[in-house]
Amino acid sequence: MEKILNYINGELVEPINGSYLDNYNPSIGKVYSQIPDSNEKDVDMAYFAANEAFLGWSNTPKEERSKIMMRISDLIEENLVELAKAESIDNGKPVKLATQVDIPRAASNMRFFATAILHYASESHDMDGEAINYTLRKPIGVVGCISPWNLPLYLFTWKIAPALASGNCVIAKPSEVTPMTAYLFSKLCIEAGLPKGVLNIIHGMGPSVGSPITTRPGIKAISFTGGTATGKAIAKVAAPMFKKLSLELGGKNPNIIFADCDFDKALKTTMLSSFANQGQICLCGSRIFVERPIYEKFRDAFAAKTKKLKVGNPSDADTNLGAIVSKAHLEKVLSYVDLAQEEGGTVLAGGNKVQLEGELSEGYFMEPTIIEGLAFDCRTNQEEIFGPVVTIMPFDTEEEVVVMANSTEYGLAATVWTQDVGKATRLGACLASGIVWVNCWLVRDLRTPFGGVKNSGVGREGGFNALNFFTEQTNVCIKL
Ligand code: TXE
């Protein structure tokens, strides 16, 4: 059985304690590889390596850092097929999705920040002949990047790329639920000639690896994506140490469909924003609000299309939904279907675990599910489910839907469907959300600020925001 290894000081190494955890393939419900059960000793070793490498890496010319990162990006593309397959086995997502979205985006992340750093300029403030100020942007030192299981290599690279580009050394922890592509990535870093110690990848559990990363005083910034409860725990330990913190947390995003929308486009995109990646994307629109005049027409068309989606083998090209990431997560998602019914909801489509045949009979599959008839403020409509479960509700006025949309403790992304530019503009201003998509979903320009308000997080990733996060400013004032 394949053993995943840590990547420390440029080498692939066993965890110091020699202990391993089981890594499951969620489509077959069986262990298929072993992952290091690392602890603070491995984090310490990584820290020493990163600290040692920092002087060299931070003084490496940007062009050189950029070239190495471009090589890594090229290698991701060259290994697209293998990486996509590995992502699908580890996470349960369709191979097609990993091939079209996850892996290409990981390559883009590396390429984007490899080039962004070449265009990153600092400011100068001229005091009318009295003095001149210029502001340096310096790398922070050793930083920590902790990522989740839903978009494993995609989110892993989204964090480490700006950190590396701006001259930091990184200790990264992928999710213990989906460690494989980060392991394959470490091999590509070696092949690309990334100097030793610049990036260190430690595998293991949150409390034994993530926590020492957040508590170690020398690690001066933490970039985290994951659950809101974990984000809170990290903020509690990191804030009193004055670490820089970027937290991308949960979402409970509204998808608002007005009667004047382009019906077919809204319906087609709603299928994706509801169920892509088995609904396990923090940007998925899990609360669908439809304006009353088209409510029944939209609901019926949406339910009919949802019932036709294929839940199946992630390797099949026509599979729409693969497996849920783990048994525990499947149980959590299913428990919300029970809760929704207890709260008075009616299941319009799905609602059940899917039993597949043969090799897949022990896999964690679930039907895409739509629930109707719930109050906007019930638990099902307030808590993040993070699975293929959406609710649908009618609304009558713009004011009413804004109140309902803004009623949760989250504020990551919102989608608005309307042909009226005035309405779109008003909603864009009123929605308590870090991102508002109008007549589209998940259209991403990597230069734009990415992140949430309220309990969806702190700070913004993307473009120069990420480079700002991973650098410290020094203002130099020269008296003339
Ligand atoms: O996330 P965790 P989980 C949501 C979703 C999901 C819930 C929990 O609702 O059901 O979060 O998922 C590491 N110190 N999202 O349990 O635990 C952990 O090992 C430092 C939303 O998988 O937050 C992993 O690498 N690190 C989300 C990472 O944190 C710790 C994506 C995320 O895991 C730690 C995933 C600690 N004390 C889940 N404990 C999104 N917004 O994209 C754990 N970790």
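Reader: Let's start with T181. Which helix is T181 found in?

Author: T181 sits in helix α6, which covers residues 180-192. Keep in mind that this is a predicted model.

Reader: And is T181 buried or exposed?

Author: The general idea is to look at the relative accessible area: under 20% counts as buried. T181 comes out at 1%, so it is buried.

Reader: What does T181 touch, apart from its neighbours within four places in sequence?

Author: Setting those neighbours aside, T181 is in contact with L83, A86, E87, P152 and L153.

Reader: How many Å separate the C-alpha atoms of P212 and N150?

Author: Those two C-alpha atoms are 23 Å apart, while P212 and N150 are 62 residues apart along the chain.

Reader: Where is the place of N277, and is N277 buried or exposed?

Author: N277 belongs to the loop between α9 (263-275) and β14 (287-291). With 2% relative accessibility, N277 counts as buried.

Reader: What about L442, what is its phi?

Author: L442 is another residue that is not a glycine but has a positive phi, about 60°. You'll find L442 in the loop between β21 (435-438) and β22 (457-458). Its relative accessible area is 26%, so L442 is partly exposed.

Reader: On to salt bridges. How many does the count come to?

Author: The general idea is to look for a side-chain nitrogen of Lys or Arg within 4 Å of a carboxyl oxygen of Asp or Glu. By that rule the count for this structure is 16. One of the pairs is K159 with E461, whose closest N and O atoms are 2.7 Å apart.

Reader: Which residue meets E372 in a salt bridge?

Author: That's R299, at 2.8 Å from N to O. E372 is in strand β18 (369-372) and R299 is in helix α10 (292-307), so this pair links parts that are 73 residues apart in sequence. Both E372 and R299 are buried.

Reader: Which residues are linked in a network of salt bridges?

Author: R299, D300 and E372 are linked that way.

Reader: And which residue forms a salt bridge with D318?

Author: K310 does, with closest N and O atoms 2.9 Å apart. K310 has 28% relative accessibility, so it counts as partly exposed.

Reader: Now zoom out. Into which domains is the protein divided?

Author: There's domain 1, made of 2-249 + 456-479, and domain 2, covering 253-447. Notice that domain 1 is written as two stretches of chain. Taken over C-alpha atoms, the centres of the two domains are 30 Å apart.

Reader: How do I read the interface: how many residues are in contact, and what area is buried?

Author: Domain 1 brings 31 residues into contact with 31 residues of domain 2. About 2,400 Å² is buried between them, with carbon and sulfur atoms giving 59% of that area.

Reader: Which elements of domain 1 give two or more residues to that side?

Author: They are α3 (80-91) and α4 (95-116). The largest share, 7 residues, comes from α4. By type, the residues on this side of domain 1 split into 12 nonpolar, 13 polar and 6 charged.

Methods. Residues numbered from 1 in each chain as written. Predicted model: local features only at pLDDT ≥ 70, side-chain atom pairs only at ≥ 80, totals over all residues. Heavy atoms only, no water. Domains from an automatic or database assignment. Contact = heavy atoms within 4.5 Å. Buried area = accessible area lost by both parts, 1.4 Å probe. Helix = DSSP H or I, 4+ residues; strand = E, 2+ residues; numbered from the N terminus. Nonpolar A, V, L, I, M, F, W, Y, C, P; charged D, E, K, R; others polar. Buried < 20%, exposed > 50% of the residue type's maximum accessible area, 1.4 Å probe, protein only.
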